[in-house]
Structures are given as structure tokens and as C-alpha cells.
Amino acid sequence: MKKIYIPLIVAMLSTPIGSIANAEELVLPKKENSKSEEIVEVDRNVEEWLEDVVEVEPEQEVSLEGHENLGPVIFKASAITSKIGANIKGDYFIYYIMHGSPTALVVVDYQTKEIVHSFTLEDSKSAWGLDVDKNGKLWVGGSVSSVLYSYDPNTEVFEKHGAIFSNKSDTSIQDLIVEGNKVYVGSAYGGSLASYDTITKKIEEFGQIRKRREFVKAIAADEKTDEIFVSIGSPMDLLVKKPKTKKFTSFLPAKYMSEKYAQDLILTDKYLVARLHPSNKAVVFDRKTLKIVDEFDLKSKTLSTLSPDGKSLYYTKEQQLIKYDFSTKEHTELGLFLPKGTEAVNLDFVMKNTKAIEEGKKNKEELKENTPVVTHNNKSILDIVNPTLHHPAIPILEESNEIEPKNWVLSGMVDNLGQLFEYNPQTEEMNYLQFDLPEQPVELYTLASSSDGTKIFANGYMSGGLGIYDVATGNRELYRNISQIETMFDINNKLYIGAYPLARLLVYDRSLPWNADNPNEVIRMSQYGQERTTAVTPFNEGKEIIFGTLPDASVGGGDLAFYDTFTKKIDVYEDYIYNQSIVSLVSRGSQVFGGTSIHANQQVNPRGARFFYFNRRNPEDKIYINLPFDSSMITSLIVDSNKKIWGMADGKLFVYTDEGTEVKSVELLPLISGRFRNAQIVDSDDGYIFGSVEGKLFRVTKDNLTVEWLKDKGVYGLAKDVNGDLYYHDGGSNLWKYTIEKNRKQKQQ
């Protein structure tokens, strides 16, 4: 079905998605004589991004001839999550997990707002699970190789405890909770559960909870009753392990079986609350009967635990803080709002001294004026967003023989800048705290070269950012306010960008300054149920841009769209290849060739990936080209200097000339990973096709398809410069250059 879309008059999404990860300034299309509205849009389900990258064990790089490490090109201060906890003295600390390659743990003193420690989480590129034990020790679950870490604020000792799971498929710890002396951890992609005894250091593995379920997304446990609750996905299931049993029993009602998973579980003496994704519902179960007693909508990524008064929990919806009373099942809107476009990412209770609170309530102005500003690296650590409110650094209850009543505040992170809110139920006031958190090198994700080969473009995984490397000088530029990029192509001094989330197409005019209007958003394909823009190619010397998408919530496959760069009109062909995603495109004259992935809508199409082409005059009349093998995805297509079409299909390289000619191929690898990104190929003027597949660098002679391996690990993505030299990333933050043999010989001479 064809649809016409004019971006200048379309009504865009009115409410930005909230909460965490790679905040990007997005500009709504402007009507004539009107100002554009700048909004900050962030993705509230960062964990989803893990589904698309198969993480592997870190590899030791080997120095090889022609390979040069150019170092990191993207840096960003991007907080994934946070946790607030106290040591045995009652001193509170904010623990931030900073996304990077590797990721970092930053410790902030809650009272002074000073950064006191920063630790590198070796072997991890992210960390989702955080919890604090009864002695105040923080436990952290890492990614890449399921490593467990801890930090003791009493001794200020940071430890690495090693991998928790023995199954190599369990690479990423998705959730972590502490109950008694046990640290429970759930994994992706093996969907397993394990526990670590903090006293004996012994690991108990429960194994995969259910076959063909890759994620244990949330855990809750009760040491007294010996019960363990888990959420697995996708699709979702909720299970419980009762005392003295080894098996987990499902109790998920049929009405929720279409959900992907519950991303959070909150346990009280009487209830279990599950925060569902993607429906944004919270379901309250009776713990004894496991029957539903209530259900409500929310937007926050999580819910608070049971409040210190034992009556309620808190969440956010449409940026407003709301209290839920368990006994009455009533929701109280507190009339207190988070910053525009945000929702709570985590919620923690901080115990305070009653006398100090009352004193602060009476002397707000005096407290604000007399409190010194703490600095870090010559920059202000604390930024009170609302200067009319009192300074939140209220003295914390110290150990004392005098018994004083305790009060509390609710605090939580709202964005990836680490901004916190602090709600005081006694004063009914809310403060905002923002910190100058340290930047980390960002893992690279997508590479591309300019049309003249003088620039190399690099994008960061999850945290986004666009780094530009100058081939001649080695100089670098960095633009931070752009999200993760799935694909990009440069032509006519314009960079066309397929951005995540919302399957957006952006245009960066390189002749103009980077600002709020540049890159400019052309369309959001999310309105058609699409999740990612996974293929972009120019047609007719850039007069049109053709792009394809990967669907998330539509009923069919990915869409094919045409953007006229002069008229700005967009033609959309929905469900172009039934139940498959369009992941590669290239044009040759009046013909357009494409390749698909069998992964679409969280499903796997039993029919193999399709290689197709059509004449631009009639895109609906597509012709399928039979390949001499089956594959799950055709991830890279190029046209060489002889006008032949080359492509990567799983681990095979193939070449196609025209109808009636034989499709030749050569197998490089028997097994591959991923849904739509595992290989990249480029043409060379010295008789070779160069490529990277599953982290390996190869070249193949065009005439007889002879394969030569150039590097056996640590090569991801591929781009070619003006000299024919290659650029790739190592699966981490470093950009690498490979000087081809011909150029090495010239340099030696």
C-alpha cells in the first residue's frame, strides 16, 4: 500500500517520550512563519537495545602490520541508571552507572554533592542491575561477560567478583537484587537465574528458566518465605519458586501474554507489583493467591519500593509524581512535576532527621544563602534548578544515643544527565539536583565515509553522538546531541541519517553549522509501526533518498520510502516484504536492489531472507532474485566499478550481474549472529572486495572469489577513505585504520 506524506504539514507526536538514555534535541518540522519547538526526547527502555547486539568476551588485540589504533572519537557523560544507599553510619551516597566502553561507577556523597570516587567496570560496556545489601555494600551486575562487582562505602573498597554464569550465552546481567546474604542475578541471552552468597562466595545456578526465553528481566525474593519471583521474556511470563521446590511455576494471566516482559518487580508483605512493557501498566498481585487485585497505568520506568510508613508506593505519569495507597487502592496526584519530557528512571527513599527537616522548613532562605557551593574540576557540582526552593543538603541522621523520630524523602533520577528530583512529603516540596558527571569513551556502533572519502563518520552505541575524523589531518569533531544511528549515507554534502528511536530520517547539511535545526528531522516512521531505519541509499545522484525500516508494532513487514530532496515529498510503501525487515539497499541506474532480514515485529519469518529489485518507475512491481543458498539476513549491498551487485547474506559473499546470469558465492563463515547487523563490505580499485563479518576482516578477489583473512577478531563496521584505506572499530570505543598493502608499499618507498 502506498501512502503520501508531506512532512511540512504533518502533526508530529505531541508528547515526548520520557526517561533515560541518549537525550537528543529533536526539532519539529516548522510551518511557515512559525518557530520550531525544541524538545528533548529520550528512550525509556534502554534495555531493549541490548536485544540487537550479541555481546562477546573482550578480546586481546594483536598488533598487525597495517593496523593503527586511532583511539576513541566519541565521549559522553551518559548515566544509564543510579541507586541511592547508606553506609552503616547512615551516610547516603548516589551511585551512578556511566555508559561507556568500558562503563564506570561514579560515587557521589549525597550530603555534600561531591564526587568521591570513580571506578572502571572492566569487561562491561553497561550495567543495569544495582542493589544495596543490609550493610550498605553496593552490588553491580555487568554486561559482556556477566561480571559481578561490588563497592563497600564503609571501607571504600571496590571489587570485581568475576563471571556469575557458566553458560557463554548469558553475557549480560539484566537485573540484580540483594535479599539476606544472597545476590540474585538474571541474564540475557540465555535467560538464566543465579545467586551469589556474599559470605561463602559460592554461586548457585538455577539455569535457563524457560526454553526459548532469552531474558530474565526482573527478580524479587523473600528470604523469610524462601520465595523467588522472576519475569522472563520475550514474550513475557511471570513465575514463582515456592519453598522447598526446584521448579518455577507460571502465574501470568492470559490477558498479559502479549507483553514482552515485566521490567520491574516490587515485593511487599502482601503484594507483588509487576511493571509491564510495552503497555506501561502496573499489575498488583496478592502474594498468597497470586490473583490480580489492581491494575493501573504509569510512565515511569520503575516504581518505588514500599514507603517507610508501610502504606504506599510512588510512580510518575505524564511527568507528575503520584502516590498509590495499597489499602484504599487510591492514586493521589501530588501536583509536582518532573522536567518536560522525563519520567522517573529509579526511585529511592532517603531517611532524614526530623529536627533538621523542621529547621530547614523554617529557614529555607538562610540555608540557601549560607550553603557553600561545592566544586569538582573547577566546575559547580550542584545545580539547583529551582533556586526558590531550599538547599536539599539536609544533615543526615548520625549514630546517637538520643532517639529521634525519622522522616524521609523520595529521590530518583529522571534523565541520562544524572538529574535527580527530591520530594519531601513533610514539606510537600520538590527540588532538582544536577551533577557534572565525568565523560566516558563511548562504544562505536555505525561507521560511514563522506562521498569524497575525506571524512569518516562514527556514531556511538546507545549514548549516540557523531564523531567526524579528518583523514588528511587526523583532526576530530564531536557533536553530542544526536542519538544512536542505525545507518547513514553522505551525498551532495548532506548526511542522511537513520536514527533510533522512532525510526527517524534526519538530514545533516554539512555546509551549515550544527545546531537545533541542523540535522533536520524529515519523518518519524514510528507512526507506521516501525522501530528502526535500517537502510538508506541515494537515487538519481541524490535527487531522491530511499530508505527501509525494521518494524516493531505493525502487523506486517518493514516499509520502503522515497524522500524527494527537492519537493520534500515522501512516498511510503507499507509492509513492502511481508513480515520481513528491509536492511540493505543500493541503486544501479534506474534499478534499486534490496535485502531483507527475517526478523520483524519480535518474530522470525520461517521463509528465508529475500534479495529483490525493482524499477524506480514502479516500486510495487518487485522481482525476487533466487540465491543459491538460504539465509536469515542480507546485511550489505554495494555496486562495484563494473556495475556488479555484491552482497553479504549471513556468512556468504555473493555477486549478481543481471537476470539470466549465474549468482556466484563463497562461504566465509557457517554461523552468524544478530538481527540485521553482522557484516559490511566495500569495493576496492585493486581487484578486491573488502569486508568485515562477525568481527573478522577479509578480502576476496573479484575474478575468482579467493578468500584471504586479514584479521581474525576485533573488526566491526567498515568504511573506506579517499586513499582506499579502511576504518573500523574494535567492538569498543576505539577507531582503527587499516592501510591497504598498495598504500603501505608507497609509504615505504
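Three strands line up as an open, antiparallel sheet in the order β26-β27-β28, with strands taken as DSSP E runs of at least two residues and helices as H or I runs of at least four, both numbered from the N terminus. Two strands count as paired if DSSP finds at least two bridges between them. The edges of this sheet are β26 (312-317) and β28 (331-337); each has a single partner strand, so one side of each is left without a neighbour in the sheet. On average, neighbouring strands here are turned by 25° against each other, direction ignored, where the axes are lines fitted to C-alpha atoms (for helices, over the stretch in contact) and angles run from 0 to 180 degrees between N-to-C directions.

The model is a predicted one, in which local features need pLDDT of at least 70 and side-chain atom pairs count only at pLDDT 80 or more, while totals for chains, interfaces and linings use all residues. Residues are numbered from 1 along each chain as its sequence is written, and side-chain values use heavy atoms, with hydrogens and water left out.

Back in the sheet, β26 and β27 (residues 320-325) pair in the antiparallel sense over six bridges, with Lys-317 standing opposite Gln-320 in β27. On to the next pair: β27 and β28 also run antiparallel and are joined by four bridges. Here Lys-323 has Thr-332 of β28 as its bridge partner. The hairpin of β27 and β28 has five residues between the strands, and Lys-329 in this hairpin takes a positive phi near 60°.

Another open sheet is built from four strands, in the order β4-β65-β64-β63, again with antiparallel pairing. This time β4 (67-72) and β63 (716-720) stand at the edges with a single partner strand each, so one side of each lacks a neighbour in the sheet. Strands β64 (residues 726-729) and β65 (residues 734-738) run antiparallel and are joined by four bridges; Leu-726 sits opposite Tyr-738 in β65.

As for charged pairs, the structure holds 30 salt bridges, each being a side-chain nitrogen of Lys or Arg within 4 Å of a carboxyl oxygen of Asp or Glu. One of them brings together the side chains of Glu-65 and Arg-744 (3.7 Å, N to O). This pair links distant parts of the chain, with Glu-65 in the loop between β3 (38-41) and β4 and Arg-744 in helix α3 (residues 741-748), 679 residues apart. Glu-65 counts as exposed at 57% relative accessibility, whereas Arg-744 is buried at 14%; buried means under 20% relative accessible area, exposed over 50%, and partly exposed in between (1.4 Å probe, protein chains only).

Helix α3 also supplies Lys-742, which forms a salt bridge with Asp-685, the closest N and O atoms being 3.4 Å apart. Asp-685 lies in the loop between β59 (679-683) and β60 (688-693), 57 residues from Lys-742. Lys-742 is partly exposed at 35% relative accessibility, and Asp-685 is exposed at 64%. Elsewhere, salt bridges that share partners join Asp-222, Glu-227, Lys-242 and Arg-287 into one network. Glu-521 and Arg-524 make a salt bridge too, with the closest N and O atoms 2.8 Å apart, and both residues are buried.

On confidence, the protein chain averages a pLDDT of 86, and 84% of the residues score at least 70; pLDDT is the predictor's confidence in each residue, from 0 to 100. Over residues 5-63 the pLDDT is below 50, and this stretch has 184 contacts in the model beyond near neighbours in sequence, contact meaning heavy atoms within 4.5 Å. Residues 354-405 also stay under 50, with 83 contacts beyond four places in sequence. Where pLDDT is low, the predicted coordinates should not be read in detail.
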